[in-house]
Amino acid sequence: MKENQIFINYGAQARKMVKELLSEIKIEAELKKEYLIALKPNLINATKSQKGATTDPELVKGVIEYLKEKDFYNLIIMEGSWVGENTKNAFKHCGYKEVSQKYEVPLYDLQKDDYITKTYQNINIEIAATALHADYIINLPVFKGHSQTKITCALKNMKGCISNSEKRKFHRQGLHKPIAYLNKLITQDLIIVDGIYGDLDFEEGGSPVKMNRIMAAKDPVLIDSYVADLMGYSTSEVEYIDIADQIGVGKKDWKQAEIRELNQKQTVKIEHATGNIKKYASKIRAKDVCSACYGSLIHALKKIDERGKLEDIPTPIKIGQGFQEEEFKGLGIGNCCQGAEKYIQGCPPSAKNVTNFLLKNNKRDN
Ligand code: SF4
């Protein structure tokens with residue numbers, strides 16, 4: 001797999017989808033049999049992945065099955081939950097204890113590891129020895145919102161590899177610079193993003209958006225920058241992406257990336273909305289919508305709400321394949337809504353483009 005590639009597979013069956021993705025990118029070509037391969041999910045707390053905070057254990061099962069089928073057996077799962085959670089508890093409640101027993105892959109609690117202090121530009125960071133000793137790290141972040149940094153994905157997920165006292169220090173230092181520097185000191189070799197559910201606002205979950213996709217990349221800056229765009233943010237709004245780009249962790253210009261979609265977006269039944277999503281879902285009329293498209297619209301409405309302009313947007317906003325043959329008044333999202341009075345192109349359009357489209361067609365100025 002090349003540094004500038006992003007692979008995407010749409011659907012909800014994480015185990016099957018990740019095996020398809022791995023066989024497409026053929027990671028075995030870059031592995032040696034004796035490698036210690038560490039899988040690093042996001043188990044920030046002890047909640048099920050459907051809440052939008054943690055990595056779906058089915059995704060991890062798929063990775064393990066694929067690697068074992070290729071005769072790679074030296075595998076571990078490592079994580080250090082956030083300071084308010086006990087990792088052992090998260091392993092149990094998120095389904096990882098069961099994964100470990102079933103596949104005989106040991107769990108490493110990085111809150112209780114030995115730590116090695118590494119330094120970049122005069123900043124010392126205590127990093128778990130287990131993570132530093134791994135020969136190949138597969139980072140399995142969740143793509144979701146974050147109250148302080150706007151988004152969290154590959155770069156920030158590596159924070160699970162530092163000590164609790166270091167995590168507290170990161171917060172005192174404002175998160176952005178230390179997150180970027182940490183990624184200069186520890187390399188993630190492959191990133192597989194869980195974008196099946198991801199929280200709209202908070203890393204701890206509670207307002208999940210179903211986006212039904214997984215993505216693979218090698219460059220954490222590239223994938224984070226791509227995810228930021230999907231969520232309606234520019235990299236200048238997510239400072240750690242810009243810093244990581246500047247110090248050479250990777251390249252943020254995803255528009256230069258080769259993006260390969262393995263399949264078509266799939267329509268989903270929109271589940272009963274929870275948390276903040278309810279407010280935004282009430283503005284939407286969806287018919288056979290693909291989750292990728294729906295996710296873009298929800299993220300766009302959130303951005304507009306943050307600017308205090310939500311009530312200026314004419315509703316209902318129509319979206320989904322069910323509107324393909326219809327002509328209708330008002331606003332439509334995506335190529336399926338070409339029959340709308342006004343629509344934004346894209347299949348799916350990015351949250352950023354949807355945001356600009358909706359703001360341009362507000363009730364006040366039109
Ligand atoms: S434009 Fe239509 S087909 Fe394309 S992602 Fe949106 S709903 Fe799906």
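Reader: Let's begin with charged pairs: how many salt bridges does the structure hold?

Author: A salt bridge is a side-chain nitrogen of Lys or Arg within 4 Å of a carboxyl oxygen of Asp or Glu. By that rule, the structure holds 17 salt bridges. A word on the source: this is a predicted model, in which local features need pLDDT of at least 70 and side-chain atom pairs count only at pLDDT 80 or more, while totals for chains, interfaces and linings use all residues. Residues are numbered from 1 along each chain as its sequence is written, and side-chain values use heavy atoms, with hydrogens and water left out.

Reader: Which residue does E20 meet in a salt bridge?

Author: E20 pairs with K16, at 3.2 Å from N to O. Helices (H or I, at least four residues) and strands (E, at least two) are DSSP runs, numbered from the N terminus. Because E20 and K16 lie 4 residues apart in helix α1 (residues 14-25), about one helical turn separates them.

Reader: Into which domains is the protein chain divided?

Author: Domain bounds come from an automatic or database domain assignment. Here they give domain 1 (5-261) and domain 2 (277-360). Contact means heavy atoms within 4.5 Å, and 17 residues from domain 1 and 15 residues from domain 2 take part. Taken over C-alpha atoms, the domain centres are 30 Å apart.

Reader: What is the area buried between domain 1 and domain 2?

Author: Buried area is the accessible area (1.4 Å probe) that two parts lose on being put together, summed over both. For these domains the value is about 1,400 Å², with carbon and sulfur atoms giving 56%.

Reader: Which residue forms a salt bridge with E237?

Author: That partner is K303, and the closest N and O atoms are 2.9 Å apart. Between domain 1 and domain 2 the count is 1 salt bridge.

Reader: Which element gives the most to the side of domain 1 that touches domain 2?

Author: Both β11 (208-217) and α9 (220-230) supply at least two residues of that side, and β11 gives the most, with 6 residues.

Reader: Now for the backbone. Which residue is joined to P316 by a cis peptide bond?

Author: Most residues other than glycine have a negative phi, and most peptide bonds are trans. In this model a cis bond joins T315 and P316, with omega about -5 degrees. P316 sits in the loop between α12 (291-306) and β14 (317-319). The bond from C347 to P348 is also cis, its omega near 0 degrees, and P348 belongs to the loop between β16 (340-344) and α13 (351-360). As for phi, K26 is not a glycine, yet its phi is positive, about 50 degrees. K26 is found in the loop between α1 and β2 (37-41).

Reader: Finally, which residues surround the ligand?

Author: A residue is near a molecule if one of its heavy atoms lies within 4 Å of it. Those surrounding the ligand include K265, C290, C293, C336, C347 and P348.
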